[in-house]
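Subject: Handing over the structure

Dear colleague,

Here is the structure I promised to pass on to you. Please look through it first, and then read the notes below alongside it.

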Amino acid sequence: MMATLQDRPGPQDGTATESPAFHALPAPQVLQALESAEDGLTGAEAARRLSIHGPNALPAGKGRHPLMRFLAQFNNALIYFMLAGALAAGLLGHLVDAGVILTVVLVNAVVGYLQEGKAENALNAIRSMISPRAAVLRDGLRVSVAMEDLVPGDVVLLEAGDRIPADLRILRARSLTVDEAILTGESVTASKHPDPVEAGAALGDRKSMLFSGTLVATGQGAGIVTATGLATEIGRISALLRGVEELTTPLLRQINAFGRRFTWFAFAGAAALFAFAVGLRGFGWEDALMAVVALAVGLVPEGLPAVITITLAIGVQRMAGRNAVIRHLPAVETLGATSVICSDKTGTLTRNEMTVRRLITAEEAQLVEGAGYDPGPVRLFASGSHHEPSMALIRAGLLCNDARLHRKGAEWQVEGDPMEGALVTLALKAPLVPEDERAARPRLDLIPFDAAHRFMATLHRAADGGGLILIKGAPERILEMSDRQETSHGPAPLDNAFWTNRIAAAAAEGERVLGFAMKRTDPGRTAIDFPDVESGLVFLGLAGFIDPPRDEARAAIAECHSAGIAVKMITGDHAATAQAIARQLGLAPEPRVLTGQELDRLDDAAFQRAAVETEVFARTSPEHKLRIVRALQAEGRVVAMTGDGVNDAPALKQADVGVAMGIKGTEASKEAAQMVLMDDNFASIVNAVHEGRTIHDNIRKVVGWTLPTNGGEAMAVILAILFNFAMPMTPVQILWINLILAATLGLVLAFEPSEPGVMKRSPRRPDAGLLTPFLVWRIVFVSALFTAMVLGIFFWAQAQGRDLATARTMVVNLLVVAEIFYLFNVRYLHMTSFTLTGVKGTGPVLGAIAVVVLAQLAFTYLPVMHAIFGSRPLTLADGVLIIAVGALSFLLLELEKRLIRPLFGDE
């Protein structure tokens, strides 16, 4: 038994309840179930129901205090690591270094505070989509009420241009079409009618329902409110969005894990060294403490987190230049780990511009060139050729048509129905001049399109002065009304089997098909009605429409496949259309398709398998999209999800990288996403993935270049304590090396271009650590090499009779020179650096080396630097020796890369 309004809970309790299948009930039963009437509620009854159900509004997101939001930007291991480096520098009196690190921390926090997408913003963006006022019947009179005051049972009146204020069951409709793209993703408007539909119909097939937040495109209608607030479809999406937890990106997970392990390692090592120095070597505790401080300064790469942050920021700038705006900084790097891209179809993989692809008459079938509303230079027929039946069909499509095309800059835009706009473009390709054709055959009357009769008819005065009726609509319906077909020799008997086969063939290609017909009538007729067109028509032919795939999307999908990235289409469109587009895009030779209804019949295990194995998901709901993303993540995939509608927002937020459309996307989708495409182009996503992989490579290069220096410094300090000899460098000299190198050479690695073949590699595993096995080997090997070089030059200098300060100066210069040569080696992780391109470097590299050389000359020869750092001047022979040792290390490291790198595979 159906619940009554009195015992059915309303949305004010914060939960959206499952409403009856109003779309499957006849309108009188809906009125009865909602205890209403066609002339609406009384004012008193509406007030009573408002107290029960609460206002027709979505709850605002529970926003945090701005100060708490700002402080939250500091709550991750990356920031803790940077603050620890600043503290270490400050304790050693190096205030400039500490100040630089703290400035980077603050800038990072401000950027995160301003750019990071928050759930409350997405929810508030959804709330703004509901119409502020609505026309309703109260006490039998038409009145305007605030949207918040609508209640179940209210009768709402609608016209073209109105935003629908609540979920409605249609009572009356005339030529009513609605743009439901924000909920269903369909590129064409949906025709609406009051007749019941199947109880289990997908959202896009509920032709008897209107949904809150969608837009009336044409016609008029009236509907009874069935749900308000959180109980609406848009409210249900809002509830889904509130329930999605924000994910930690792979980079932050890796940095957090690395930071935790490194902290414990450094703490344990320092404590053990302190105990050894005091207990076994007899150091005084102050001397031992200074040794531990030297070790900490040598071991902690205080500049590394800052360089990683700057690398990400540079990636943001690069992506912005490729039409991808990043709203959440770590998402830059996450893109590089993407293994699955779930893409909407309409407007992303396709142009979102309906195009006539096929013309079929009784005598010929022709594929039409071009895509979108731009007619271009295309001419359908050669000059002087005879194609009278085709021209009659094209002319009928132009005249039985309410759309207009106009050019805005370099783009053509349609005013009106997209399919009618495509027919105007077809006429321009014929070529016909729309204004001249309309003037030569003026319209006298029309029967507007209505879902009940499934056609549109117009009456014209023909060029010969007679009357001409033109009809377009569902081909099956037009065929029912026709008894002849047009040929170049005049009307001939209708071949129903021929046309049925052609309709089926076009539909199998994913085309939406319209039929066209005509009828001659009396010259004096000025009006038409249904009896005038229900029989005796001459069938002109068929037009097949498609939302054409973007050319660049085909190439981008092929690049994804070569990079080991799976691409899945998730759309609200019909299965046949989606499969045809997927086939044209090269998604798979024969794309596998599952509909939302088929997904609903799968258990969790089967659903997870289907999410991995299926290329196309059609007629999907927001819950399906969210569940698909979660299923792929459960399989260990890093998922990028694209979308433009409110229905996409929960899945965008759940995905590792949510990608919203900047042109046609709703504010709700943009607020829920981490990245916004300014050109709504799938190819820009692939460009962003390419950039993300480059950024991750550069971060690995920064880590692989930075840590061996610290490792070499720390090992030298440890060996000095273990074997009780003078430390090769003082703490302040170690800090000088770290500062001058991190601020110059370390930073230039953030600007490195992509290595060749970056999109030929498989995506890295999301559970892969920041330090891969090869990188660990490289850090250990290079640290050992640098330690050997440091101790070798240190003991050699002392053996030559140099004083301790001079020997230490040689050690500092050798480490800096070795790092310059090592920079050239590490610029290429997957190939040799011993090439002309590799050796000559880039502008940033050469500029940074120039700065380092000048700094080292100052360190070595300026008296003020001698006073601060305890350095001493070196001879020219000393400089030549140091450079020769550095060059030898480069050759040795290139040999090591060639022999050892292949053993670790494609990391």
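Ile341 stands opposite Ala640 in β24, and the two strands concerned, β9 (residues 340-343) and β24 (residues 639-643), pair in the parallel sense over 3 bridges; two strands are taken to pair if DSSP finds at least two bridges between them. Helices (H or I, at least four residues) and strands (E, at least two) are DSSP runs, numbered from the N terminus.

Before going on, please keep in mind that this is a predicted model, in which local features need pLDDT of at least 70 and side-chain atom pairs count only at pLDDT 80 or more, while totals for chains, interfaces and linings use all residues. Residues are numbered from 1 along each chain as its sequence is written, and side-chain values use heavy atoms, with hydrogens and water left out.

The sheet around β9 is open and mixed in its pairing, with 8 strands in the order β8-β26-β25-β24-β9-β21-β23-β22. Its edge strands, each pairing on one side only, are β8 (324-326) and β22 (593-595). On average, neighbouring strands of this sheet are turned by 20° against each other, direction ignored; axes are lines fitted to C-alpha atoms, for helices over the stretch in contact, and angles run from 0 to 180 degrees between N-to-C directions. Helix α25 (residues 682-722) lies across several strands, including β8, β9 and β24, and runs at about 160° to β9.

Helix α19 (residues 575-585) has as its buried residues Thr577, Ala578, Ala580, Ile581, Ala582 and Leu585, where buried means under 20% relative accessible area, exposed over 50% and partly exposed in between (1.4 Å probe, protein chains only). Among the elements that cover these residues are β20 (537-546), α18 (551-562), β21 and β23 (616-618). Just after α19, Gly586 takes a positive phi of about 80°.

Strand β1 (residues 133-138) pairs with β3 in the antiparallel sense over 3 bridges, and Leu137 stands opposite Val155 in β3. Strand β7 (residues 215-227) also runs antiparallel to β3, joined to it by 5 bridges, and here Glu159 stands opposite Gln220 in β7.

Turning to helix packing, α26 (residues 731-742) and α31 (residues 843-861) pack at an angle of about 160°, with their axes 11 Å apart. That makes α26 roughly antiparallel to α31, since angles under 35 degrees count as roughly parallel, over 145 as roughly antiparallel, 65 to 115 as roughly perpendicular and the rest as oblique. The contact (heavy atoms within 4.5 Å) is made by Gln733, Trp736 and Ile740 of α26 and by Val852, Ala855, Gln856 and Phe859 of α31.

Ala27 is found in helix α1 (residues 27-33) and counts as buried, because its relative accessibility is 16%. Its C-alpha atom is separated by 5.9 Å from that of Leu171, 144 residues apart along the chain. Not counting residues up to four places away in sequence, Ala27 touches Arg169, Ile170 and Leu171.

For the chain as a whole, there are 33 helices and 26 strands, and 57% of the 907 residues count as buried.
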